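Please look at the sequence and the model below, then read on.

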Amino acid sequence: SSDSALHVTSVCNASRTLMMNLNTLEWDDGILKALGVPRECLPRIVSNSEVYGHGYKGGYLSGVPLCGILGDQQAAMFGQTCYEAGEVKSTYGTGNFVMMNTGRSPVPSKNGLLTTVGYKLGPSAPPVYALEGAVAYCGSVVQWLRDNLR
């Protein structure tokens, strides 16, 4: 059990800040300096699957291992079993998000997509990268069409 708090974020969430180097999977000192963000205030970057710590002694989760972090769209990509390069998921809600697994190397977009980390299943596992495209108002447009077209 742990008596201290953790300050960690997953490699996926860190990549979404655009302050993490996609090759080293560490905070990028040049970007941090340009933005005036002190490295000390940022969480430690961890994989998506490892034991980070345990629930507080005496708490509801006392001794329970804390061992998984996976952010929004990356979680959807993983949950929809896009495990191989070239596999794509598309989710619809307030927005529409399309994410394609690009494999073990980051692929820079030539068309305005976001290059990101898809997932990293363990501290020594290689990262899996993805390209993502987003439409901010997809759900509200579909709702407007439903409510206003006759």
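V88 has M100 as its bridge partner in β6. This is a predicted model, in which local features need pLDDT of at least 70 and side-chain atom pairs count only at pLDDT 80 or more, while totals for chains, interfaces and linings use all residues. Residues are numbered from 1 along each chain as its sequence is written, and side-chain values use heavy atoms, with hydrogens and water left out.

**The sheet**

- β5 pairs with β6 (residues 96-103) in the antiparallel sense over five bridges; two strands pair if DSSP finds at least two bridges between them.
- Helices (H or I, at least four residues) and strands (E, at least two) are DSSP runs, numbered from the N terminus.
- Four strands form an open sheet in the order β5-β6-β8-β7, with antiparallel pairing.
- β5 (88-92) and β7 (114-119) stand at the edges with a single partner strand each, so one side of each has no neighbour in the sheet.
- From one strand to the next, the twist averages 30 degrees, taken between N-to-C directions of lines fitted to C-alpha atoms, on a scale from 0 to 180 degrees.

**Helix α3**

- In α3 (residues 72-79), Q73, Q74, A76 and M77 are buried, meaning under 20% relative accessible area with a 1.4 Å probe and protein chains only.
- Seen down the axis of α3, these buried residues fall within an arc of 160 degrees, so they line one face of the helix; the arc is that of the directions from the helix axis to the C-beta atoms.
- D72 and G79 are exposed (over 50%) on the face of α3 turned away from its buried side.
- The cover over the buried residues of α3 includes α1 (11-16), β5, β6, β7 and β8 (128-135), where contact means heavy atoms within 4.5 Å.
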